[in-house]
Amino acid sequence: MSNPLASTLENALHRRQERLIPPVDLLHEIPFSAPDLFSNDYLSLTTEPQLRQSFLDELSRSPLVFGTGGSRLMSGNLSAHTEFEARMKAFFGAPAALLFNSGYDANVAFWHSVPQAGDAVILDEYVHASTRDGVATSRIKGSLYTFVHNSVSSLRDCIPRVLEKHPDIAAGKGTVFIAVESLYSMDGDFAPLPEIVRLTKELVPPGCAHIVVDEAHSTGICGPQGRGLVAALNLDSHIDTVLHTFGKARAFVGAVILTSPVIRKYMINYGRPFIYSTSLPRSSICALNASFDYIESPIGTELMDRLRRLSVYFEQRLVSTLQDIPSSLLTLRARNNPPEFPVEIVSPIFPIITSAPISLASFLQRLGYAALPIPYPVVPRGQERIRIVVHARNTEEEVDGLLGHMVEWATTMQTQEMQLGQVMVGMVQAMTRPEVNYYKL
């Protein structure tokens, strides 16, 4: 029997379906038999036999491997956690490091607790939902501002307006936080970090700006030994807080926030996701140590190089092949790197803009690919897409094969559109043909 709550929820799901956003129930594994060109497994480590063995070896050396039985403020603060944080602090050259169960928890904990009453927050309009969720429960009521994605000119316009509305910050008595991602997962483009740093120093009183960079999609694939984009650009001393997550290139789970000792201590005592979450089990720390060991090794460097080379190859093939396809069917969204970026910084994320994302995704799914449509209203009209992600262990033959299937789909769509156009012309001609007067025959 239905009840008011169930009816309301069912109606909401139905409306979602009407907006062409199919609700999912996750009752079954998403099957795919074709090469993986869609997940965030950038270095192909989730299926790496040698990493698996390294993890099992690490696990066998640990006398205890299961859960901790409590949060870190209770019984769950183990030497495994503090030693791993010390490793993160040393590896990234950070003042302090705090381990979290997920990137979502880390972002919510920081943004929920650290900005104080009277402070302001400026976000790139495309930052992750976890940042927005944290800000929504923070003390900065009514003091959230956004700038146009990756637009330095928009940020230049935004900062003075924020300082005008917050004279205490302009007078050196408050903080303006600026939040960006290093690499954006939906558009595959990098933040112009050097320009953001320079602009902030130019416009904000000394000591009153706090730049936060989310490295979820660049950790492990950029910088020396995968230290991320901030390290690749030598901006470590200019960025105040950096988030690294471990669920993408690093093939496991968890996250670390690199920040000042006082912010670390403050989040421990005020960051609710940290306070009220059971700490990561010992087995997770074993896996994280194995993952960092692997990426820090020469094999990790080789995988990062392979990923860069294949990403460059695939982009060249895309640009060349799609020249003969109508842009309404298939086009690669521009992802030009900001000025001053070294040539070795390359995005492995390719947003393919298409007017028919559901049709394209369905076609690829029938071929065994784990393709997902990203339609309106998830993205603005005209920006509907599928998202292709190149991995280190993919081959040129695999990316060429996917590209060939996309061209096959586009050719079929063109043929169907041409046939439909001919039908429509025939209908119009029939409707406008002069009537025959049979009485005069």
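The dialogue below takes these topics in turn.

Guide: This is a predicted model, in which local features need pLDDT of at least 70 and side-chain atom pairs count only at pLDDT 80 or more, while totals for chains, interfaces and linings use all residues. Residues are numbered from 1 along each chain as its sequence is written, and side-chain values use heavy atoms, with hydrogens and water left out.

Visitor: Which domains does the assignment give?

Guide: Domain bounds come from an automatic or database domain assignment. Here it gives domain 1 (34-47 + 299-422) and domain 2 (50-295). Their centres, taken over C-alpha atoms, are separated by 29 Å. Domain 1 brings 31 residues to the contact and domain 2 brings 30, contact meaning heavy atoms within 4.5 Å.

Visitor: Which residues touch the most other members of the largest nonpolar core?

Guide: In soluble globular proteins, nonpolar side chains tend to be buried together. A nonpolar core is a set of buried Ala, Val, Leu, Ile, Met, Phe, Trp, Tyr and Cys residues joined through side-chain atoms within 4.5 Å; buried means under 20% relative accessible area (1.4 Å probe, protein chains only). In this core of 117 residues, they are L43, I122, L364 and I388. Both domain 1 and domain 2 give residues to the core, so it lies between them. Beyond its neighbours within four places in sequence, L43 contacts residues including G220, I295 and A392.

Visitor: At what angle do α4 and α10 pack?

Guide: Two packed helices are described by the angle between their axes and the distance between the axes. Helices are DSSP runs (H or I, at least four residues), numbered from the N terminus; axes are lines fitted to C-alpha atoms over the stretch in contact, with angles from 0 to 180 degrees between N-to-C directions. For α4 (residues 103-113) and α10 (residues 261-270), the angle is about 95° and the axes are 10 Å apart. The two helices are therefore roughly perpendicular, a term for angles of 65 to 115 degrees.

Conventions:
Buried means under 20% relative accessible area, exposed over 50%, partly exposed in between (1.4 Å probe, protein chains only). Angles under 35 degrees count as roughly parallel, over 145 as roughly antiparallel, 65 to 115 as roughly perpendicular and the rest as oblique.
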